[in-house]
Amino acid sequence: MTGVVWRVVTMSIAAGILVPVVMLLRLALRRAPRWTHVLLWGIVAVRLILPVSLGSRVSLMPDTDRIAQRIAAASEPVSGSVPDVPPAVLIPDPPAAAEPPSSEPAEPDAGGRGSFGVTEILSFVWLGGCALMLSYMIFGTLRVYRRIRGAVRLHDNVYVCAGIDSPFVFGVFRPRICLPESMTERDARCVAAHEAAHIRRGDHVWKPLGFLLLAAHWFNPLVWLGYVFFCRDIEAACDERVVRGRDAAARADYSEALLAYSVKRPRLTAYPLAFGETGVKARIRAVLRYRKPAAWIAALSLLVCAAASVFFLTDPIRDAAVPPVPEDDAPSFVAVPETEAGTDLPKAWTDPAPYADPAVEAISVQDELPDEYFYVLAWHDAAAFAASEDIAILCSAPFVNVLHDYDWSTVWVNYLGVTDGGWDDHFITVTLERGGGEEYAVGDMSVGRHSEIQARNRRVLVRNCFVSIEEHMIADPARYHGDAILELSAYRRMLAYGADAILTCVFREFSSGGQTEVSGEALMRVMADQLGEAALPLREAESGQEYFARWLAYASSDDGRPAREWLDANAPTAARLLFTDGE
């Protein structure tokens, strides 16, 4: 549900940026045929409808997805806009195929399970607004229908109605031209020509569709402004079509009819198409001064519309912000050896975008640098180190895994390596440390096995979740304490990494000592929830560190044998950490 809302917000932002552009283009094309103005509003409509767009290097649109993400971050129910866990990256287990990541955009988190956060509330508000707008349209249409039920057919699709005071077109599939009973024959000819032009142009369909788009984007004032001017432009385009080729006397008759039957209720209309509904004064002036535009003006206007489509119906192609690499020093792309071992690469390493974890939805703490920035930054040192170990690294994107800690101060770049025998579970890891100048420097480098890197990645990801939980607790202690900690999205994301990784992180933190404040409470609550029946009652401890000490003493005793057995079965790494390694 919230994913739909944020997609609508993204589309509305793009259209909202385009509305002022169209307003300016209308001014520039004020001597152009009015139907070109309607075409420009069609570009806005496409932006409001399509959830995706083509990429282009000439696009003038900003990154609307990034804008929507920042709005989503600002809607977090925590003062200070506490960011959530950075995107998680796990190396898939070889050689099993990994599930392809979801292509749907990540839903901004609501902040809790079983309760309504800001995003859920906004979703219901949006739905309520849509329902009100649709109700307005439906009941307005029914009210008009009741007034014209007794209409008498004059000829073709023209009807005379006693209960109306202004002419209009009614109906989508079988449109009718409805004229007031008191209308003179001269005015009837002018009005019928205008309404027939509406039908030929399809305005009886486009206007209701425009209102439906307004109903979906009712929260955007720029969309309201665009709808008002769209209605004016379709009327002006019809006026122009009717008076084209007529003499000054005929245009004067048309203007008198327009003035006589102008709608005297200045309100928003969804339906029907009323003859004198909008901008009557400007329309009369345009009719009386009408001069057929030159052919070159019409052609130029079409070119402007086409150019606007290219510039504003496409999104910019996001180039990777990689540091400059001299051409003669560019990374080499090592082909996978055509050997039995080499063809046994994990499938997930060769799939597009193999590292996205579908279980993790998150917002980064800062504008993310692309993965390419880091693996190009580290590749030279990684290649030299790998050569000293008789290993070649694969530098292309599908074979590089990038992971960072919560505040991006440390980044790990894992390159898949091959030897003469093909891929045999070698990974080269380069650690990048961020200095005070926001620049990264190469730190430690190592050769690791898949299981080792996977374990380290899980530890980092779980620790990132804990940092997110602690920041929420510090920002809003009245809300996030006790079991409410377990309602945070960061904890739900943590569950994706399993009890073993979670408890290993908890035990390491407690073993280092000093966990008596906010971090201790977070560790204690998570530990108790993960241990389940093997946990001790929380009320017996005054701090997280004390709780851990009591539980460790209990688990080490004869009475705690069931707890040790549970730990051995469900979290063997954590069990070894406490009862074997002693670290």
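Contact here means heavy atoms within 4.5 Å. With that in hand, here are my notes.

1. **What you're looking at.** This is a predicted model, so local features need pLDDT of at least 70, side-chain atom pairs count only at pLDDT 80 or more, and totals for chains, interfaces and linings use all residues. Residues are numbered from 1 along each chain as its sequence is written, and side-chain values use heavy atoms, with hydrogens and water left out.

2. Look for R47 in helix α2, residues 34-49 (helices are DSSP runs of H or I with at least four residues, strands are runs of E with at least two, and both are numbered from the N terminus). Is R47 buried or exposed? R47 has a relative accessible area of 8%, so it is buried (buried means under 20% relative accessible area, exposed over 50%, partly exposed in between, with a 1.4 Å probe and protein chains only). Setting aside neighbours within four places in sequence, R47 touches a list of residues that includes M11, L18, M61, F312 and D315. With D315 there is also a side-chain polar contact of 2.9 Å (a pair of N or O atoms within 3.5 Å; within protein, one must be able to donate a hydrogen and the other to accept it, and residues adjacent in sequence count only if both atoms are side-chain atoms).

3. **Strand β5 and its partners.** Four of the five residues of β5 (residues 176-180) are buried, so this strand is largely enclosed by the rest of the structure. Strand β3 (residues 158-161) runs parallel to β5, joined by four bridges (strands pair if DSSP finds at least two bridges between them). The β4-β5 hairpin has five residues between the strands, and G171 takes a positive phi near 110 degrees in it.

4. **Two loop residues to check.** D156 isn't a glycine, yet its phi is positive, about 50 degrees. You'll find D156 in the loop between β2 (152-155) and β3, and at 56% relative accessibility it counts as exposed. D390 is another residue other than glycine with a positive phi, near 60 degrees. D390 lies in the loop between α12 (371-388) and β8 (392-393), and is exposed at 67% relative accessibility.
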